[in-house]
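This briefing concerns the structure shown below. The notes that follow are grouped by topic.

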Amino acid sequence: MYRFLLSRQWVILTLVALVLIPVMIELGFWQFHRHEHRVAQNALIADNLVAKPVPVESVTSPGHTVPRADYWRRVSATGTFDPAREVVVRRRTSADDQVGVHVLTPLVLKDGRVVMVNRGWVPAAADQRSYPDVPPAPKGEITVTGRLMADETTGASGIKDLKGLPDRQVMLINSAQQAALQGRTVLGGYIEQTAPVPAGDSPELIEEPDHESIGPHMAYAIQWWLFAGGVPVGWFILVRREKRDRAAAAAAAETEAAEGTPEPTEPTEPAGATA
């Protein structure tokens, strides 16, 4: 009764089921690893946000690539802002998802080296070719506290580094790019300013990164594993149904054949025959 499994249709169906099971299991593990990564990242952010600020010079240097362990680490830097070499970073959003720019200002340290400071968000100019209205940076020596961030790249951020932009406008926050533009020594990474709070709350300081939400990845992992478990169950149900239908069809055919066969009759003697 199970010879139908050797038919072309059932062989293809079985092969598809055998392929889907490991694929769904792997997709489940992929989502599970994303869940683990998110949990670890949340722990890293939480730890780095409550750590005591350290001098930025102690954790980065020119050409330095900020490691993941130092992402969002609290740092401080003392120096003087250089508004003449300030730039804005295009296509950035505010806390309420308004499109504008981030204000990126060089902070010249006491030893002459520079660290880039993201002072926050301001609305973009009405004309994209114009420089937006940016509140001036504080004058004189100042100590800035903030979160250490890694240089942005197109590969990591997905932001295309457009060419031919208006003067003092960029797409990425990148220390190497700024070093080339300014002709000065710039420390790797940049500071996302958290203090002091600017007058009038402009530029709008960037919000603290979310480190509580874990996302739906674990739920997705469980769903994929349930789907993987459901494939053989579904295949078995289909096989049983096919067997039952074939058995019913065979029984119906036998009944129909039996009902359609005429019953044998007694032979009769020809008329006029005598005993």
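Which elements each supply at least two residues of the lining of the largest pocket? In this predicted model, they are β3 (87-93), β5, α2 (154-157) and β8.

**Largest pocket**
- The volume of the largest pocket is about 670 Å³.
- Its lining comprises 24 residues, and those closest to the centre are Arg92, Met149, Glu152, Tyr190 and Glu192.

**Nonpolar cores**
- The largest nonpolar core has 18 residues, of which Val56, Leu107, Val115 and Ile191 touch the most other members.
- Two or more residues of this core come from each of the strands β2 (74-81), β4 (99-109), β5 (114-123) and β6 (141-149).
- Another core, of 14 residues, lies apart from the largest one and includes Leu44, Ile45, Trp72 and Leu104.
- Beyond its neighbours within four places in sequence, Leu107 is in contact with Ala77, Gly79, Thr80 and Phe81, with Arg113, Val114, Val115 and Val117, and with Ile142 and Val144.
- In soluble globular proteins, nonpolar side chains tend to be buried together.

**Helix α1**
- Helix α1 covers residues 8-50, and its 43 residues should span 63 Å at 1.5 Å a residue.
- The buried residues of α1 are Trp10, Ala17, Met24, Gly28, Gln31, His35, Asn42, Leu44, Ile45, Asn48 and Leu49.
- Among these buried residues of α1, Leu44 and Ile45 also belong to the core of 14 residues.

**Asparagine 48**
- Asn48 is located in helix α1.
- Its relative accessible area is 10%, which means that Asn48 is buried, the cut-off being under 20%.
- A polar atom of the Asn48 side chain lies 3.2 Å from the backbone oxygen of Ala69.
- With neighbours within four places in sequence left aside, Asn48 is in contact with Ala69, Asp70, Tyr71, Trp72, Arg73 and Arg74.

**Glutamate 208**
- Glu208 is placed in the loop between β8 (190-195) and α4 (217-260).
- Although Glu208 and Leu49 are 159 residues apart along the chain, their C-alpha atoms are separated by 8.6 Å.
- Neighbours within four places in sequence aside, Glu208 is in contact with Leu49 and Arg147.
- Of these two partners of Glu208, Leu49 is listed among the buried residues of α1.

Definitions and conventions
Residues numbered from 1 in each chain as written. Predicted model: local features only at pLDDT ≥ 70, side-chain atom pairs only at ≥ 80, totals over all residues. Heavy atoms only, no water. Core = buried A, V, L, I, M, F, W, Y, C linked by side-chain atoms within 4.5 Å. Buried < 20%, exposed > 50% of the residue type's maximum accessible area, 1.4 Å probe, protein only. Helix = DSSP H or I, 4+ residues; strand = E, 2+ residues; numbered from the N terminus. Contact = heavy atoms within 4.5 Å. Expected span 1.5 Å × (residues − 1). Polar contact = N/O pair within 3.5 Å; in protein donor to acceptor, adjacent residues only side chain to side chain. 1 Å grid on protein atoms, 1.4 Å probe; cavity = no way out; pocket = protein on both sides within 12 Å on 5 of 7 lines; lining within 4 Å. Points joined across faces, edges and corners; volume = space filled by probe spheres on them.
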